[in-house]
Number of protein chains: 2
Amino acid sequence: MHTIRFEPSGQQVQASTGTLLSEAADQAGLELNMPCGGQGRCGRCVVIAQNGAGIRRRSTVRLSAEDMAAGYALGCQTVVEGDAVITIPPQEKIERRLTTDKTAHGVVLPFTYNPQVHQPVRLFPVTIEPPSMADQTDDWSRLKRALSMPDLAADLPTMRRLGPALRANDWTATAVIETDTWAQPDGPPRLVALLPPDAPEAVGAAVDIGTTTVSLYLVNLHTGEVLAKAAEYNGQIKRGEDVISRIIFAGKNNGLADLQKLVVETINALLQRATRRAGIEPEQIFKMTVSGNSTMLHLFLTIPPASIRLEPFVTAINQPLPVRAADLGVNIHPQASVDCLPGVASYVGADISAGVIGSQMCTSTALTLFLDVGTNGETVLGDCDWLISCACSAGPAFEGAGVQDGMRATIGAIEEVWINHQDYEPTCRVIPHPKLEVQGVPTPPRGLCGSGLISLLAEMFITGVVDKGGNLNFNLNTPRIREGEHGPEYVVAWAHETAHERDIVITKVDIDNLMRAKGAIYAGFTVMAQSVGIELDMVERVLIGGSFGQYINVEKAVQIGLLPDMAWDRFEFLGNTSLQGALLALLNRDYRRQVAEAAARMTYLELSADNTFYEAFMSALFLPHTDLDQFPSVAKLLQK
Amino acid sequence: MHTIRFEPSGQQVQASTGTLLSEAADQAGLELNMPCGGQGRCGRCVVIAQNGAGIRRRSTVRLSAEDMAAGYALGCQTVVEGDAVITIPPQEKIERRLTTDKTAHGVVLPFTYNPQVHQPVRLFPVTIEPPSMADQTDDWSRLKRALSMPDLAADLPTMRRLGPALRANDWTATAVIETDTWAQPDGPPRLVALLPPDAPEAVGAAVDIGTTTVSLYLVNLHTGEVLAKAAEYNGQIKRGEDVISRIIFAGKNNGLADLQKLVVETINALLQRATRRAGIEPEQIFKMTVSGNSTMLHLFLTIPPASIRLEPFVTAINQPLPVRAADLGVNIHPQASVDCLPGVASYVGADISAGVIGSQMCTSTALTLFLDVGTNGETVLGDCDWLISCACSAGPAFEGAGVQDGMRATIGAIEEVWINHQDYEPTCRVIPHPKLEVQGVPTPPRGLCGSGLISLLAEMFITGVVDKGGNLNFNLNTPRIREGEHGPEYVVAWAHETAHERDIVITKVDIDNLMRAKGAIYAGFTVMAQSVGIELDMVERVLIGGSFGQYINVEKAVQIGLLPDMAWDRFEFLGNTSLQGALLALLNRDYRRQVAEAAARMTYLELSADNTFYEAFMSALFLPHTDLDQFPSVAKLLQK
């Protein structure tokens, strides 16, 4: 018998060799969370063994080498072999660890920021010799002379403010100068504004215009420090959920101008919120980089997007030239450059190029697969020598649309599900209401968001609730599988548990939609790999971008055949890579050039050009796939 | 006795040797106009002797060598020496000849225009391969590829119109491209507009914004041909006659914006008139160059001009950067460049720089004096190696302001006066009303314009009506010299002869104002010449610019001491040099560069910096000058 002490409570029990830690905890009156029924799949029963002593792990699913070195073990998959001190982490800490460890990075720049080297927009304190009868040189020449910038340029509004600005503070000032732009690396420097001598530091804004969500960073352009973040639904949503409906709306009378106004209003609201939070004025923002898919950037610039939607699906412009904030109505300094990142094609936009630089796959020798799991399932394959991209119409199922109880990833959305393999009862994790979370009260669910749907479908498949064709198994002894109004369905939450007092279900129709979505994405990268003669298992890194991507549980995504079956450590979640890329381009002229180069050299593979994609898609319309050999880990799990 | 036949009437008379042609004409019953009383000063009695035979000229004042070679002779100064055939030209032809021979040039470019070499704004027909599923390149890259212009730039509005414009005509179009600007000679080409394949040729506009008059040329940018001209009073006049009152008005609430609007309205009205006359659309105008004094250009660009008026008298910007028509409200193609020519100082503006290139004094080895006789009396002295400029506050007397019966050079203005030296009766030439002119009816006078005032003052001086101090000689036997309400005065026209039925007079106060104005201008160039160690008679050419300049009678201007006393053939009238310079800069990138270089290297001499100017001014406050040695021809005339 061995002595097992549980921390932080300090309770002790005696246990024989081979006893599961979950059993020992039960014996001590402590309860470990095991929503998967103790199969070692959900990882929610994780504990820490002091010095890793006295235990043996039977399964290490969900644990990395570092995790194990730190003593992490799954309660349901670890047996006693000697005396041990076991710490049970607080429940919310487990949640956070599981959901964030491998998800969004914090804002860590992949380079040491030096504004002199990296930043084209900088402040130059300047003292000007006042004019006199002996030297009647004009204000503008005087300023250029003091700055030693003979070819300095300026917009008309800046020329208009010149005289008063120089005289306001006794011929001392702070010049805000953009020394170059990607479009004209050797172009003349431009005077963006002339500020008082004690002007606060310049601020930049990086913006990602998502079809659903617009996100923004404010950054101090001198220190590179992120001052504030903000995100908000894209105000265009009320004119259509997806890019296609927006393009159609843009074709209507005044539709384009209306959509532009809506997204600018959203950005301005974010700017207002973020500047207030950061304690700065919007006029202090002297540069903005903007990322987003091609349609979003066309709409933002009021460039008609019609051709994006019609064969042969081309954009008006993949690489818009920098414009002024005043020309768009964006509420920052009116003479600030607004620089949209370059896209590759109609459905591989700047958000993807941004991801390519954010991940640095374009400078890496490692063969990398980058994908953005969303409506368009944009995927990039390549390395420092070559890049190929494609987009498949996955449809909006992963965004919660086209699914009966689907919803966006907001408060009340079920974002992860575990199904007990014995009684088929689900356990759900719901995106909490902040107030309820503080009070320790669970938030009642309202529906299923994308990550919840992936999680749910994987659990249903692994526990046998559905077969590989996605058909519900009515032979199981559970009231949750039933014939509903719209055909067979599985009840995820009963009405009395929900916010709106209606059963939350997933129907066979929903399952088919999800399978088509995941099938399209998987087919996309298999076809792309084939087109360049690569086997998928040659891929060294799989990078998952997009703001939705960060919430996906890889294991479950592999189980449904959305992601390729690879060692867990080859996957990396990059979070909102579009926003990150915009931030990198904002801060570093080298990254800005890099994104232009990467976008220009990236081959775009049009999947609808022949039948290859269709065939791959048909093969992928199973759980996880017709060819189970492509999913060895899932095959192994199913055998168990 | 000799036979004298007069043409075109065919009358013949017999005359003895030594008979004046004017006497012979009188004998034939023909009347020669002799407003100066037969002193050979006015040149109005000019006749043509066939083959120059049978005559001897006693005086050749007002006749050039070419005139004499062509047989021209003054009736009152030419005697019969043999048989002669004398043609008496129609009166209006004499007038035209006398007033225009040495005045405004027609539009003759000083170079052979070749748009490929000279013109940065050109049309490029372009056929673009339509996009296909095999080539989904975006519209913009496709256009750049077809034009072989990888670094083509465009403004946002052009990017917005790109897709529809390319599709409107089956992927053929005419690209309007500005290949460079003076501000960025190596900058990227810019797409100004994308037109249908059958687009008419590009048109440019050259504009001179005068304080009083705005003038405009429309030019075909392909052929260099002037399509139309138009001129109109500057709409800002109602806010003040001169630059100082406009600057004061600009400092008032909304004053600057109001003045900008007024001048743009004037320009737009001229554009409307000129485009209608030329049969083109304003949208066909893809480039505009603008000249004018520094205040006019500041107001046109809505740049506060306050510092121009306040010591130390500096402009906000001497060399404004090119802007877009849309930013100013000028009704040409909204994306057209509007390029203001460079000035040198607050009171030596782009109008003067334009004159310097128009006259090519900046590339000539001949020492040249260029002057613009106007309120500011801007003067430039130099050659291809050096240039110095100054401005003296002559005041508005030559523009008819500050003079009791002064007026602008418009219908009814007396523009030339001759005084009979026997009875002191004046003969006036009046700017005619076109309708009355057609009917052969004289237009009654309303007042005196600048050239009329110069002419009048010279005649009064030469005939002894005033002495060298400008005092009226009450000893003369004429009712025209009298004591008026405002002191001594000379009556130029009696009330019954005038349009408004009031005597038109010149008073002693007016004479003093005129003497101050001419004294300031003459003092200006003597001080400037001194400052560089030049004697005035070393000047090889005297160029007189400014739209007012062209109406000045050099001889009379010398007689009052406004212009230096030099051989008549050293003077050249250039007309509206500001507008001509704008035209040259519009058509030829080399001239555009030249004007920038000339303005940059021109030294500005501030006359108010020390006492030198004041002393020279005091010496010049006589007719023609304290030092009569400086005016030998006038001295000679006075002896006579």
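**Figure 1. The domains of chain A in this predicted model.** Domain bounds come from an automatic or database domain assignment. For chain A of this predicted model, that assignment gives domain 1 (2-100), domain 2 (115-195), domain 3 (203-340), domain 4 (353-396 + 514-639) and domain 5 (397-507). Look at how domain 4 is written in two pieces, 353-396 and 514-639.

**Figure 2. Where domain 4 and domain 5 of chain A meet.** The centres of these two domains, taken over C-alpha atoms, are 27 Å apart. At their meeting place, 21 residues of domain 4 are in contact with 20 residues of domain 5. Which helices supply at least two residues each to the side of domain 4 that touches domain 5? They are helix 15 (508-531) and helix 16 (554-559) of chain A. That side of domain 4 is made up of 15 nonpolar residues, five polar ones and one charged one.

**Figure 3. Chain A as a whole.** Among contacts with a separation of 6 or more, 66% join residues 24 or more positions apart.

Figure 4. Chain A has a mean pLDDT of 90, and 96% of its residues reach 70 or more. Now find residues 92-105 of chain A, where pLDDT stays under 50. For this stretch the model has 15 contacts beyond four places in sequence.

Notes. Residues are numbered from 1 along each chain as its sequence is written. Chains are lettered from A and ligands numbered from 1 in the order in which they are written. This is a predicted model: local features need pLDDT of at least 70, side-chain atom pairs count only at pLDDT 80 or more; totals for chains, interfaces and linings use all residues. Two residues are in contact if their C-beta atoms, placed from the backbone, lie within 7 Å. pLDDT is the predictor's confidence in each residue, from 0 to 100. Helices (H or I, at least four residues) and strands (E, at least two) are DSSP runs, numbered from the N terminus. Ala, Val, Leu, Ile, Met, Phe, Trp, Tyr, Cys and Pro count as nonpolar, Asp, Glu, Lys and Arg as charged, and the others, Gly among them, as polar.
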